[in-house]
Amino acid sequence: MKVLVIGGVAAGTKAAAKLKREDPSAEVLLLNKGANISYAGCGLPYYVGGVIHDKAELIVNTPEKFAKLTGVTVQCGVEATSLDRAAKTVTARSLQDGTETVHSYDKLVVAVGASPVVPPIEGVGLKNVFFLRTPEDAIALRETLETGDIRRAVVVGGGYIGLETAENLAARGIRTTVLEMLPQILPGFDPELAEYAENCLADRDIMVFTGEKVYALVGEEKVERVQCESRKMKTDLVVLSTGIRPNTAWLQDSGLEMFKGTLLTDLHGRTNDESIWALGDCAMVHNLITGESAWSPMGSTANIAARSAAKNMAGAECDYLGVLGTAVCHLPELNVGRTGLTEAQAAAAGFDAVSATCVVGDKAHYYPGSGEFIIKVIADRSTTRLLGVQVLGKGAVDKVVDVAVAAIAMKAALSDLANLDFAYAPPFSTAIHPFAAAVQILLNKLSGALVSVTPAEYKAGKAEGYRVVDVGMQPSIPGADWLDLTAIGGVVPGYAVDEKLLLVCAKGKRAYLTQNRLRHYGYTDTLVLEGGVTVNGSELVK
């Protein structure tokens, strides 16, 4: 079997290496445009910030080392230019001398990745304007920072890489601003949690402006200002993190099915040509919940899909059922993670989505370094099937996300998850695991034991006409009456039993306890504000 792999980094090298393990007799040739066939793309922001000290650590494998380790033949500095599906050949051009070579195949793997989107604006060619996609990009950016001439920086794009880059620039003492054209940062998060993260960034001196389109980069030889729709910003450096585009232009007339330049595949990773597989950032996979095609340009997806596809090429039957949009991101003193569907996505997919947002401990409250998680749990109302989770906090958000990944993949209902035997010791967790606590809160809401309003509903005005009652341990809401839970022993003077009361505390728990007690004494129309002041503080003081 003669297998031709176009592209390296994550998907191409993983597919080639796994295929040789599955079928050592296979003749595998890997063609790669760049000199580095395998590098740590997700680690680039951390090299910029100096967390990763040596640039050599970014290189996972050299061509020579990879070839000796796997038995794959590697040619670098070679770019594929055309595909002849009928003849089963690919024409490739040497970037060194321009000579062309025709390579035949029995099976073809397209893993050509993606390149940064270059926005069509004036000034992108100025000095000190950077992208961050390859080790060379990161090395050039860090060398510029180390000149000592950079005081201010602007990152254009509020996705994960853009925010990680902003964090690492700020960690070097550079005054950093993030500009995002969309209404929010952190794609894949619901707006109220993205806004919370935005406020946390501002508290750490990283200013974020959303809904802000960049029209031009201005300067003589190097960038000096960023021209936006509503403002001009002085800067010494710009990092453009405005998305990526699949490197599939050479395949436009090949007859391979695509969506916005991304190759469509089946559950085996195969395209509409039974001899051609597509993997990594240039390929679509599937959403595990909806079954719809999904683009997941993540190193994790590339590796998992490539491993699965290699087994299929070697004769196994191995479906890769798909992705959940799982992601984690490290920000200054805040970690964020998510998986599954957002509330809006769940509704669009035909689910009757219901959610609960809560603030729970990340470990025993008395243990040094303990903190809090903000967790949003999303489920289908009728079946209580878990559909999505979003979590923010200083602690290990990934452990909550990973539990949710397993639960969603197994199509678990909330009742399946509420009492699981999760690991507990004070340095690691709370006695009732934070994920389980969040699940139980949503179950309370579904059963009617908790009657609440979500942060998004509150912002949309669902609690209008309700009297705000501060039920925190100490008064904290300007202009609101304060009610002490421990003093409630019957009907409370000044509060009619049929009055509309919005109960607000720091996190939401004390408000729930107050609601429970008031309902016992005949109060019929109380609402708990989910997330309390922690999540809704900026709205409460308006």
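Predicted model: local features only at pLDDT ≥ 70, side-chain atom pairs only at ≥ 80, totals over all residues.

Biologist: How does the chain get from strand 33 to strand 34?

Modeller: It goes through helix 13, residues 509-520. That β-α-β crossover is right-handed.

Biologist: And what stands opposite L503 in strand 31?

Modeller: V469 does. Strand 31 spans residues 467-470 and pairs with strand 33 in the parallel sense, over 4 bridges.

Biologist: Which way do the side chains of strand 33 point, and are they buried or exposed?

Modeller: L501 and L503 point one way, while L502 and V504 point the other way. All of them are buried.

Biologist: Switching to aromatics. How many aromatic pairs turn up in the whole structure?

Modeller: The search finds 1. F422 and F435 form that pair, and it is edge-to-face, with 6.2 Å centre to centre and 90° between the planes.

Biologist: Where do those two sit in the chain?

Modeller: F435 is in helix 11 (434-447), whereas F422 lies in the loop between helix 10 (414-417) and helix 11, so the pair ties together parts that are 13 residues apart in sequence. Both F422 and F435 are buried.

Biologist: Why does Y366 count as exposed?

Modeller: Because its relative accessibility is 54%, and exposed means over 50%.

Biologist: On to charges. How many salt bridges does the structure hold?

Modeller: There are 23. One of them joins E22 and K18, with the closest N and O atoms 2.9 Å apart.

Biologist: How are E22 and K18 placed in helix 1?

Modeller: They are 4 residues apart in helix 1 (residues 11-22), so about one helical turn separates them. E22 is partly exposed at 35% relative accessibility, but K18 is buried, with a relative accessible area of 7%.

Biologist: What about D281, which residue is its salt-bridge partner?

Modeller: R133, and the closest N and O atoms are 2.6 Å apart. D281 lies in the loop between strand 22 (276-278) and strand 23 (285-286), and R133 in the loop between strand 11 (129-130) and helix 4 (135-145), so this pair ties together parts that are 148 residues apart in sequence.

Biologist: And are D281 and R133 buried or partly exposed?

Modeller: D281 counts as buried at 13% relative accessibility, while R133 counts as partly exposed at 22%.

Biologist: What does R204 do with E333?

Modeller: Their side chains meet in a salt bridge, 3.3 Å from N to O. This pair links distant parts of the chain, 129 residues apart: R204 is in the loop between helix 6 (191-203) and strand 14 (206-210), and E333 in the loop between strand 25 (327-331) and strand 26 (334-340). R204 is partly exposed, with a relative accessible area of 27%.

Biologist: Last one: which residues are linked in a network of salt bridges?

Modeller: D190, E192, E343 and K376.

Note on methods
Residues numbered from 1 in each chain as written. Heavy atoms only, no water. Buried < 20%, exposed > 50% of the residue type's maximum accessible area, 1.4 Å probe, protein only. Pairing = 2+ DSSP bridges. Right-handed = clockwise from strand over helix to strand, strands pointing away. Phe/Tyr/Trp six-rings, centres within 6.5 Å; stacked < 30°, edge-to-face > 60°. Salt bridge = Lys/Arg side-chain N within 4 Å of Asp/Glu carboxyl O.
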